[in-house]
Structures are given as C-alpha cells and as structure tokens.
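Let's walk through this structure together, moving from the place where two chains meet to a few single residues. Please keep the sequence and the 3D view open as you read.

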Amino acid sequence: MDLKDIIKPENLVYKRTKVLTDNVMHYCPGCSHGTVHKLIAEVIEEMDIQDKTIGISPVGCAVFAYNYMHIDWQQAAHGRAPALATATKRLYPDKYIFTYQGDGDLASIGTAEIMHACNRGENIVVIFINNAIYGMTGGQMAPTTLLGMVTSTTPYGRQADINGYPLKITELIAQLEGTCYVTRQSVQNAAAARKTKKAIRKAFENSKQMKGTSFVEVVSSCSSGWKLTPTQANEWMEENMFPFYPLGDLKDI
Amino acid sequence: MAEKVLKKGNEVIALGAIHCGCDGYFGYPITPQSEVMETLMEEKPWETTGMVVLQAESEIASVNMVYGGACCGKKVMTSSSSPGLSLMCEGLSYLAGSELPCVLVNVVRGGPGLGTIQPSQGDYFQAVKGGGHGDYKIIVLAPFSAQEMYDFVGTGFDLAFQYRMPVMILTDGMIGQMMEKVELRPQQPRLSDNEIAKRYGSWATTGKTPDRKGNTVTSLALDPKVHETLNHRLQAKYREIEEKEVRFETLYCKDAEYLLVAYGSMARICESTVESARAQGLKVGLLRPITLFPFPVKEIQRLMPQLKGILSVELSTGQMVEDIRLSVEGKIPVDFYGRLGGVIPTPEEVLEVCMSHYIK
C-alpha cells in the first residue's frame, strides 16, 4: 500500500488547526506552553474568531507566542499585558482580547495590573501559566515557587522567613467582583488538556457575553527549570504542585 | 466665528483631545495636571465622539494602556507630571522601539524626587535625551500659552502618526494652571474602525482581516542584524525629523547682539525682558524653541555671526543650555540663568542678569 492510499480525507483522525503557524516552537521538551497554545488556537478556530482575536504576549518564555498563531499580537512590557488588553478591549469592544502570562509576569511584577484589570471587570480572557519558576531567565524563584523548592536564587530551597510564601494569586483574583470565571487547570495528559480547552472556550464565550474577566490558570511544568525529565516533571507537578494549587473552578458565574 | 473660551492650560488639553478626534485617554491623578482628566470626565466625550476615558491604577498602567491603544492604530494619549513621567519612561522606550504613535503630556513640576508641585523645566533632559532606556528620540513640543496647549494636541497626533512615534507636550505647572483666552476649533470626527484598518492595516492590531497576515507589534528583535537595522531605521527617521520639523519663534532677532533662548513659560517672561531691553535701546533678541527635539540648531548657527553672547533662561539648573552650547560649538559665549522651586524670575531680573553677563 502506498502513502497516497493512506492519506485520504476519510482516514483523517487529527488535523492541526489552521490558526497555528508552521513555525517550530522554541519551547523545551515537556513544556506546557506548546499544548496551551494549541488549545487556544483550536478554540479560536472552533469559534471562528481568528479575525476578531488580538493576543497580548508577555515577557518570559511565551514572549514569542506571536510566532505561533495567525492572529494579531501585541507584545507587552513585563507584567503589563492586562493594561494593554484593557485599552484594546475598550477601543475594540467587539473583538476578543486575551493576555497570555507566566507567573513572574502576572503574579510578581504585574500584580497591580492584573488585580485592577480583573477588579474593573475588563471583558478580557487571561491565560495564566503557573510553573512556579522563571523559565526564560534561567530558573529563578517565582512568586509561586513552593516552599523548599530549589531554584537558582533559592539554591537551598525557598524559605518562608527569607523569601516569603508562595502566592495563591488565583484565589485572590476569585475574590474580585469583576471576575466572572476563575479556574485552575493543567495539561499534563489528554484528559486534563481536554478540560483546559473547555475552560478556555468558556472564557472566550464569557468575553462575547461581556460578563467580566475570565481567568484560566494552567498549572504547568518546566522540566528545564525544575531540572527533571518531562515525565519526572509531570509526576513532580502532580505530587507537589496540585496539593498546593488544587485544580478546579474557583468561581463560575 | 470660532468659539472662544477662558480656560486653564490643563483644561484645554482635554478639549484639544476631544476636538481633534482622539480615541482614548488613560491617566492617573497627579498635581499639577489633574484638571486634564477631570475635564475629560466632566465633558463625557464617550457620549458624543465615542472617545474612551479611563482612570488607570498607576502611571505605569496608563502608559501601557496607551501602548495597547496605539497598537490598535487609535489616537491615544496620557498626561502626567514629573514623577509620573519617570514611571512611564519604560513604556515610552517600548512605544519608541515599537514605533507607535501617541501623545504624552508632561506638566512639569520641580524635582528631584517628590520635589515640589510648583512649575519647573527640570525634565528637559528626560524629555529630549531619552528618559527611558535605549537609543530613541521622541518629538517634544513646548507650548507657551493655553492656546498652544490646545492646538498642540492635534499637532502632536499629526506628527505622531506621520512618523509613527511618540510625541510629548512638555509644559509646566504655570502654563497648565494659567487661564487664558483660547479659540476652539471645529470638532474633527474620529476615524472609524474600517478606516483605521485600511490606513494602518500594514502594522496595527485591528484584528487580522482575511486579506493580510497577522500583525505583531513588538520592540523585541533578538537577531543582531535585525536589531541593528531597526535602530538604523529609527535614527534615519530622527535625522529626517531634524531636517523637516524644527519649529521656533524669534522676537527682535534681526539686529540682535545678545540672544535670550527660552521655551514655554520662561519664553513668556523673556518676551517682556526683550521688550524692556529694546525700550532702553539694548539689542537683545529672543529665540523660542517650539520643538525641543528637534532643536533649532541651524537657527542658532545662522544668528551666531551677529551675536556677542547667548543667555539660556530656564526653570532648572541648566539643561537646554547644553544643546545651545553644542549648537555654537564654543564659538561664542553661552551663559545660563535659572531659578528653582517654583520661583519665576521677573523680566527685569532676567534683563539685569543679561546686562551683568554681557552688556555691562
């Protein structure tokens, strides 16, 4: 049997969404970014909103998110994506605006911007990748780094008396009147990825209905930063991250 | 006949924004410029022109909202005063690096630090030499009346979109708080989303229309060659602006032997100084730079052969004087006089200094 006999429309079981570009992703093996990018791209295609979606990329590993999706992108200064998104949504109320931010970007330097954008109830979608570490700069402590976790700036493990406590920013965000949907998901296996995709879809639907801010945290792995293999990283995440950052909806109005 | 109003400089910044078809203002309160946002909130332009007005959580957020709005191809602006502008400098560098059009107003107060809420011209270096990181320039307009405060908002947007770069209106608490008669212009319509997509579709994030690829607005270029090319392109643009966009006014310069150089509020004082000097038969003239970048280097050089000396008069410890000295390249004496802390020198005081320095 020839290859051309196999490649037929009726045999197609999976097709990459046209919203993703052909660019080879720069992410490390085992990184969650690629999976989350794909889920967002699929939601954009399924909702047929490619021409109406504007993404805001952060500073961090996902700064180059704009290389991977055929949509309009703005690249924000570190932490400021929610400010860009605020203005963009208010100036283009009929467009879908999402920010894509890591834990250093969103929960450390950009704390003010995310809290106030959510508190104003900006009709935007926030995708929050929490891997408890600064990936791009080489594995330093993040606001969400767990106690005892070794990073390049906590070489003896994070200690509360020196470094303070890991920040559960998603719990804080859920308290804000402006948010309509706050959820914590993960993408370490197919079932988890399916749930995350549903959450992202709901977030974009909320934006259409002008219900307020939708906030989707994805507890993610960083095998390079954690110095683990991709498989070990997923296991470590399930054992250590999930107990402290429990999955599920925190708010759904 | 055009409508005339008696208003503060800060208030007519707001009216200028609405009337020139501005799409969005994002600001944070700080003395002495809070009347800009207060006036906008009172005017409620979202009910008339559809302009968005938003009080942000900080100056950092304001300037980044401006960044987002500018990415959209919309006419967006902010205003602040010195400490607020310091906070905006990172954003300003990003705006310049991403080649985004916008208008920023700095109603300068005295520094360093929290300083004073009184007028100052101590932010000349920050505005003209950069402020933020990296090799960039912005066009800096220095109004000296409420009328120019009003007019320069529209002028600023025209220049910002012509060259795709930020334009700053550099003024101070004196011009911002001073009430003057201002002639208003007819309301300009805002551009529709379709017009914006058509005009700025080559770069703006208007939503990817089917006929084009996705646009990305970024200042990031990790490839050394790409980054070097970007910087050369920016510099070429700045050189073009130095050739084409220099604006200034002169008073009694034709036969002047002594030249006062002053901008903004100090130019108002120096106008009176020159008048009284002339009444005494002294050949004193005034050069008022209206654009601080680009600086009127050629005009100073043109006047140089007839001059015995130049006095830079500023509400600072001497900042613009450095650009004058660079212009004359040591060929004639250039001196400086300035007051601080909100002390505004009188016209007589300036003349006395001018005489003691040069005329004797």
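Which strand of chain B is joined to E2(A) by bridges, and do the two run parallel or antiparallel? The partner is strand E9 (residues 216-217) of chain B, joined to E2(A) by 2 bridges, and the strands run parallel. Two strands count as paired if DSSP finds at least two bridges between them. Within E9(B), B:Val217 is the bridge partner of A:Gln74. The element names come from DSSP runs numbered from the N terminus, where helices are H or I with at least four residues and strands are E with at least two.

Before going further, a word on the ground rules. This is a predicted model, in which local features need pLDDT of at least 70 and side-chain atom pairs count only at pLDDT 80 or more, while totals for chains, interfaces and linings use all residues. Residues are numbered from 1 along each chain as its sequence is written, chains are lettered from A and ligands numbered from 1 in the order in which they are written, and side-chain values use heavy atoms, with hydrogens and water left out.

Now step back to the interface as a whole. Here 31 residues of chain A are in contact with 38 residues of chain B, contact meaning heavy atoms within 4.5 Å. The two chains bury about 2700 Å² between them, 60% of it on carbon and sulfur atoms; buried area is the accessible area (1.4 Å probe) that two parts lose on being put together, summed over both. On the chain A side, A:Asp72, A:Leu91 and A:Tyr92 lose the most area to chain B, together 25% of what that side buries.

A:Asp72 also takes part in a salt bridge, with B:Arg212, where the closest N and O atoms are 2.8 Å apart. The rule (a side-chain nitrogen of Lys or Arg within 4 Å of a carboxyl oxygen of Asp or Glu) finds 2 salt bridges across this interface. H3(A) gives the most, with 7 residues.

H3(A) is also mostly covered, with 10 of its 11 residues buried, that is, under 20% relative accessible area, against over 50% for exposed and in between for partly exposed (1.4 Å probe, protein chains only). Among the buried ones are A:Ala81, A:Pro82 and A:Leu91.

Turn next to chain B. Strand E5 (residues 102-108) has 7 of its 7 residues buried, so it is largely enclosed by the rest of the structure. B:Cys102, B:Leu104, B:Asn106 and B:Val108 point one way from E5(B), and B:Val103, B:Val105 and B:Val107 the other way. Strand E4 (residues 76-80) of chain B pairs with E5(B) in the parallel sense over 4 bridges, and B:Thr78 has B:Leu104 as its bridge partner there.

Finally, compare two residues of chain A. A:His33 lies in helix H2 (residues 33-46) and is buried, with a relative accessible area of 7%. Leaving aside neighbours within four places in sequence, its contacts include A:Tyr27, A:Cys61 and A:Ile129. A:Tyr165 sits in the loop between helix H6 (160-163) and helix H7 (169-174) and is exposed, with a relative accessible area of 62%. The C-alpha atoms of A:Tyr165 and A:Leu147 are separated by 6.9 Å, with the residues 18 apart along the chain.
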